[in-house]
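Here is a short report on strand pairing, salt bridges and surface charge. Keep the structure open while you read.

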Amino acid sequence: MSVFQLVTDYKPSGDQEQAIGKLLKSLQAGNKHQCLLGVTGSGKTFTMANIIAAQDRPVLVLSHNKTLAAQLYSELKSFFPHNAVEYFVSYFDYYQPEAYIASTDTYIEKDSAINEEIDRLCLNAMRSLLLRRDVIVVASVSCIYGLGSPEDYRELTLSIRTGQELDRDAMLACLTELLFERSDFDFRRGTFRVRGDVVEIYPAQSDGEAIRVEFFGDEIDAITLIDAATGRSREKMSSYLFFPVKQYVSSPEKRHPAILSIRKELAERVAWFEKQNKLIEAQRLKMRTDYDLELINEIGFCKGIENYSRHLAGRAPGSTPSTLQDYFPADHLTIIDESHATVPQIGGMYEGDRSRKQVLIDHGFRLPSALDNRPLRFDEFMARQAQLVYVSATPGPFEYVNCVPGNNNYIPVLKAKRGNTHARSEKASQAITHAPDNFRGVFFHRLEELRVPPHPSSVPTEQFNPRRLGQPLIVEQLIRPTGLLEPKITLLPLDGQIDKTIELCHARVSVRERVLVTTLTKRTAEDLTDYLRNIGLQVEYIHADVDAIERVEILRKLRNGSVDILVGINLLREGLDLPEVSLVCILDADKEGFLRNETSLVQTAGRAARHIHGECVLFCDVVTDSIRRLVEESDRRRAIQQAYNEEHNIIPHTVARADQSTLRLYTPDDEEDEPILMAAEDDEQVSDTINRLEKEMKEAAARLDFELAAVLRDKINLLRQR
């Protein structure tokens, strides 16, 4: 019986039922690779949810960007409210990695701004994976980067229960080992405060809740879940398990051997530098490493401790680092969403990270063991997967070739992509020869020789045999339950594209529909946003410099009508679920390249596929091969959907979707907060609410979120007037 409980009023319809059946049969047959080729708006996420609901093992859902990951997290959380749905992405709002530019003798120190809320969500994901099996983790590619060992993380826990004999000071010492800080006045995540025989601890994974532990002598008398802001009791507890505050931790037993190992490597490296007459590098390395070792010895942590992870974990040189993958059991299922973008991203992380660190090592900024703190290589990542489901409207050659039974070697396709596109290996050629004709919709990123003509036949679910030679485990899902056709494709000249875009925007906004506009550069997106705003349109831009939390808030504003137009570059593509969007304008569509290739155009046009008036306008003077293939594929899919609608008497209608939930603990523009705030009847309740909001205001100001701090200040003033 599955450990997951799918809660929904929807039932599989259109192509979903046959897709779910075929994919589940493939998984049950033990196949490692299978792919869902689902068009935009066909309900791929619902199909994924049904696949997950049939599992009795943890599931990792991988996405290639934080915005899409946040959307998936929100949707899956609504589908599985009784299970642990977690979010794991890079917790940096800003990250400048440590680097050295030898040509100018410039050292760039590591600099970052940690998003406290995302850090909490990541720690909670690690905690859930160690405690339960009904876990779905929605993650970005950051999950392949080095993380603290799960053995150390599990070992460094503090379990308490009522009636337990435990000295108060001993518990405080244990909390310190878990990297909690004592803070009697500034009570925040990862701290504890002491008031006589009462200790209050604010777990790093907690969402506004703290644990109050009351002692009677050397015995724990009571454990209470409290509101961290007001101190009010919420629930009596019989036990609680505390986890470390940081993702990188090491036990005291391993710390001493690790320090000895680091000192040994340091001595060898310094001797090597001195032998090479590189005295500056030798002195630099010795000073930096000695300082780090002193901190590790005293407090168990230092800035950049991840660079010593191999020693702290007791791993051999060159061995694979611990990552989030190691927190999953060996039988977990991995779903790679928008696989055509996510798979190449996974494969591209290792080399860039290594080249940067090698320069630091060569010039005495880091020990050679820093190379062992790295992302997984692609082969290491694949070796850790029991079974994978690729999900995309435009699968790439990797997914296609690997989803042919008996052909699990991805190297030939990668070589073919890097070299001559007309020279492919015999293995890849055989895989394409075995491909059924009805998968013309699979995109191969300009590998034209891999394309095959369409075929009207399809494989019924009851006859689906994934073990049959030549039957690829690629399941098409082309029918939309809503009956919506592919967006209408319109080609307009480049001359006057801005004026025409404004005209189109006004027409859509007047009927309360939303618009997406894609440009080629960040500067163009920002300038166009300012221009449209100056003529009275409600518009925002979104690109990589906008932090993850703010991206989600901007998308929520677009959906609830606070924003009518969204301008972007590459983020307005895969997976964004925006049913209110009826028009997509692609500026400079004939500038063939990464942002205007076939995959990008299909994905971008698909953002309008959830609205009955969906249309994609491409501004171009030349009909490129990518534009031509977009039009051809759109016509093919429209014909399939139209035939299905006529056969089943379906009248197309716009997708209805609930608003995406926020990732913030407190949302500045959330009108639903007002009734909660104003529900306080007496002075004591008002005072408690003011105290809580003041604390949140100070926290927002401390992390430089002045907009939120200002909103909270206004609400405090409103309450004081009462």
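Strands E11 (residues 191–195) and E12 (residues 198–202) run antiparallel and are joined by five bridges. Within this pairing, Phe-192 has Ile-201 of E12 as its bridge partner. The model is a predicted one.

**The sheet**

E11 and E12 belong to an open sheet of six strands, ordered E10-E11-E12-E13-E14-E15. Its pairing is mixed. The edges are strand E10 (181–182) and strand E15 (233–237), each of which pairs on one side only. Strands of a sheet pair through backbone hydrogen bonds, in parallel or antiparallel fashion.

**Salt bridges**

Side chains of opposite charge can pair when their charged atoms come close. Across the whole structure, a search finds 44 salt bridges. Three of them are tabulated here.

| Asp-186 | Arg-188 | 3.3 Å |

Take the pair Asp-186 and Arg-188. Asp-186 is partly exposed, at 41% relative accessible area. Arg-188 is partly exposed too, at 31%.

Glu-209 counts as partly exposed, with 27% relative accessibility. Arg-234 is also partly exposed, with a relative accessible area of 45%.

Asp-290 is partly exposed, with a relative accessible area of 23%. For Arg-263 the value is 40%, again partly exposed. Elsewhere, salt bridges that share partners join four residues into one network: Glu-98, Arg-288, Asp-292 and Arg-366.

**A negative patch**

Which residues form a negative surface patch? They are Glu-165, Asp-167, Asp-218, Glu-219 and Asp-221. Glu-219 brings us back to the sheet, as a residue of strand E14 (residues 219–227). Its relative accessible area is 32%, so Glu-219 counts as partly exposed. Patch residues need over 30% relative accessible area and no salt bridge. With 32%, Glu-219 is therefore over the area cut-off.

Conventions:
Residues numbered from 1 in each chain as written. Predicted model: local features only at pLDDT ≥ 70, side-chain atom pairs only at ≥ 80, totals over all residues. Heavy atoms only, no water. Patch = residues over 30% accessible without salt bridge, like charges linked within 9 Å, V, L, I, M, F, W, Y side chains within 5 Å. Areas by Shrake-Rupley, 256 points an atom, 1.4 Å probe, with all protein chains shown as cover. Salt bridge = Lys/Arg side-chain N within 4 Å of Asp/Glu carboxyl O. Lys, Arg positive; Asp, Glu negative; His and termini not counted. Charge placed at Lys NZ, Arg CZ, Asp CG, Glu CD. Helix = DSSP H or I, 4+ residues; strand = E, 2+ residues; numbered from the N terminus. Buried < 20%, exposed > 50% of the residue type's maximum accessible area, 1.4 Å probe, protein only. Pairing = 2+ DSSP bridges.
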